[in-house]
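This report describes the architecture of one protein chain.

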Amino acid sequence: MKRHHKAAVAALACTALVLTGCGQGDESASSSLDACLTDPAGCNAGERADGGEITWALDGSWGTWNQTTSEGNNAYVSAALVGMWPYTGQFDPSGEYRFNEGILASAPELVKEDPVTVEYTLKDGANWGDGTDITVDDFIYHWYATSGDASLCDGCDPANTTRGSQVESITGEGSQVTVTYKDSYHSAEWQYEEILSSPSHVAEAQGFDWQNDPKDMKAAEDYFSETVPTWSTGPFKIDDAKAGEYVIYVPNDDWAGETEVTLDKVTFRVIDGLENIVTALRNEEIDGASPFSVTAETITQLQGADGLEYAVAGGPSFEHIDLNTQNEFLADPVLRQAIFTAIDIENIIARTYAYVQSDIERKGNHLFRNGSEHYTDYLSATGQGTGDIELAYSLLDEAGYELAEGVLRDPDGKPVELDFRYSESKENRRITGELVQANLADLGIQVDLRSIPDAELGTVLGEGKFDMIAFGWSSEPVFVAAASQYWETGSGSNFGGLSDPALDELIGEINGTLDIDEAAVRANAAVQQVVQAAYSLPIVDTPVAVMVSDRLVNVRDNWASQQRAAYNIAEWGVAAE
């Protein structure tokens with residue numbers, strides 16, 4: 001059978017906090033992907049057979065095994081490690097947060113507000129897949145790795161230090177672990193903070209004195225980046241893997257979760273190109289995929305396929321164009337403002353994403369989806385993204401730029417020349433680059449298009465090897481830490497090197513309240529400042545598709561998670577006859 005669904009972006013509806021699996025056995029759950037619009041967390045439900053194997057395609061590559069690092073801050077790393085990584089929890093497709101049933105016995109508890117103090121209760125039997133219990137040392141290890149403090153980890157390059165830099169102390173005894181934060185920490189999203197990453201006992205077994213030697217702590221992080229994990233806190237453990245190519249999972253017999261795992265094996269395999277993924281699915285070489293991008297051609301191929309289902313909707317990331325402020329030209333905010341004004345976002349959407357999702361809307365806010373109660377459009381009033389060449393040039397003219405014989409020269413007389421980089425397998429990003437190239441040619445700026453091998457995207461971003469670049473950021477329900485991760489001076493994920501003291505101050509204020517609504521107001525103030533700085537230009541919440549063999553049950557897409565359809569991998573199964 002074949003099905004095609006057009007879905008609007010789901011609105012944020014994160015209210016309840018629970019500690020269970022995702023609807024397994026719910027009699028009201030709906031079978032097939034047809035029901036995902038009305039029953040996003042229960043569609044395609046069904047009774048599972050005992051046993052079976054699934055091969056799942058990934059549409060991008062990775063080169064590291066450690067998600068805490070700047071290089072490992074990659075959706076494909078997250079997808080590849082979904083079966084074993086110690087996530088605190090997941091948002092489900094209805095926007096409800098579900099804590100990790102294999103690690104925590106109950107939801108974290110805020111035991112004190114000043115300073116913020118959070119108590120975690122580990123589940124009985126929670127371990128690293130080798131019989132070694134998770135302990136307070138593992139919490140401390142993650143703190144050191146993400147602290148951004150050279151006295152704790154000398155040379156570490158964490159993806160995000162918003163939480164780690166704010167930890168004052170971590171203590172624990174038995175199943176109770178208490179995290180006490182510094183006086184400056186008041187995050188309204190304290191309950192979602194990631195608390196674990198790699199096992200401290202494995203680091204010690206490798207000879208790293210991580211608790212006492214900051215250089216050894218860095219060496220331990222390097223080890224976990226380079227080494228295929230032999231440990232697991234999830235429903236599966238890795239049987240075989242090769243970075244950037246495949247991960248083969250088998251059930252983890254030491255998993256402390258209560259959801260029964262029925263599959264014998266799950267293989268994640270990288271397949272370059274959407275057309276190749278669809279072909280492999282139609283040929284029954286794979287059982288499904290939830291790629292991070294989709295094209296009109298993909299939809300056409302799926303429409304003619306039997307034995308599978310698919311659905312299209314806004315996904316967990318948003319497309320945007322970032323500028324490198326370390327470039328000699330782009331250090332000037334006036335030039336950045338002019339460039340963004342000259343870029344025609346609606347034309348980009350019409351030539352790319354609208355072919356896939358006809359009702360798609362331009363994104364007007366970096367932190368909140370268009371359907372969120374906290375959403376405000378700060379871009380339209382500035383002219384950024386309108387393709388208004390006259391307005392763009394007027395900004396430059398006032399700043400001393402000159403356009404002569406079709407070449408824009410800066411106030412020092414240098415011709416403005418830039419590159420535009422994009423992942424080579426992402427057709428929509430290539431088209432985006434071509435359209436930006438044409439827009440800026442009208443402004444007299446020469447743009448050189450340069451593709452990036454998928455596996456090298458993290459390296460290119462981390463080393464700032466771009467002038468302009470198109471890539472995706474998460475648009476998951478959490479937002480408090482995102483502003484710091486994206487834009488704060490010195491953040492390992494502030495790839496374009498923006499340094500704006502006014503923005504840093506606003507970002508600091510987001511983390512100054514435990515009230516979620518007040519935090520959203522402060523986050524929007526930071527968004528306004530980013531727009532003024534003309535650092536990042538949002539395009540759309542990226543349309544994505546999930547495509548699944550109709551022999552599978554409990555497999556559905558999840559806009560609220562970087563793991564997409566694999567967010568509930570423990571519940572995946574082959575349909576019982």
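## Basis of the description

A residue is called buried when its relative accessible area is under 20%, exposed when over 50%, and partly exposed in between, with a 1.4 Å probe and protein chains only. The model is predicted, so local features need pLDDT of at least 70 and side-chain atom pairs count only at pLDDT 80 or more, whereas totals for chains, interfaces and linings use all residues. Residues are numbered from 1 along each chain as its sequence is written, and side-chain values use heavy atoms, with hydrogens and water left out.

## The sheet and its helices

Helices (H or I, at least four residues) and strands (E, at least two) are DSSP runs numbered from the N terminus; two strands pair if DSSP finds at least two bridges between them. Ten strands form an open sheet with mixed pairing, in the order E9-E10-E11-E2-E12-E19-E13-E18-E16-E17. Strands E9 (236-242) and E17 (446-452) stand at the edges with a single partner strand each, so one side of each has no neighbour in the sheet. E9 pairs with E10 (residues 246-251) in the antiparallel sense over six bridges.

Angles, from 0 to 180 degrees, are taken between N-to-C directions of axes fitted to C-alpha atoms, for helices over the stretch in contact. Helix H6 (residues 296-303) touches E13 (308-323) and E19 (536-549), and its direction makes about 175 degrees with that of E13. Helix H7 (residues 333-342) touches E13, E16 (417-423), E18 (468-474) and E19, at about 145 degrees to E13.

## Nonpolar cores

A nonpolar core is a set of buried Ala, Val, Leu, Ile, Met, Phe, Trp, Tyr and Cys residues joined through side-chain atoms within 4.5 Å. The largest has 78 residues; among those touching the most other members are Trp56, Phe139 and Ile170. Helix H2 (residues 136-145) supplies the largest share, seven residues. A second, separate core of 70 residues includes Phe340 and Phe466.

## Salt bridges

A salt bridge requires a side-chain nitrogen of Lys or Arg within 4 Å of a carboxyl oxygen of Asp or Glu; the count is 18. Arginine 429 pairs with glutamate 319, the closest N and O atoms being 2.9 Å apart. This pair links helix H10 (residues 427-441) to strand E13, 110 residues apart, and both residues are buried.

Aspartate 541 and lysine 363 form another salt bridge (3.2 Å, N to O). Aspartate 541 lies in E19 and lysine 363 in the loop between helix H8 (345-351) and helix H9 (389-398), so the pair ties together parts 178 residues apart in sequence. Aspartate 541 and lysine 363 are buried.

Definitions and conventions. Contact means heavy atoms within 4.5 Å.
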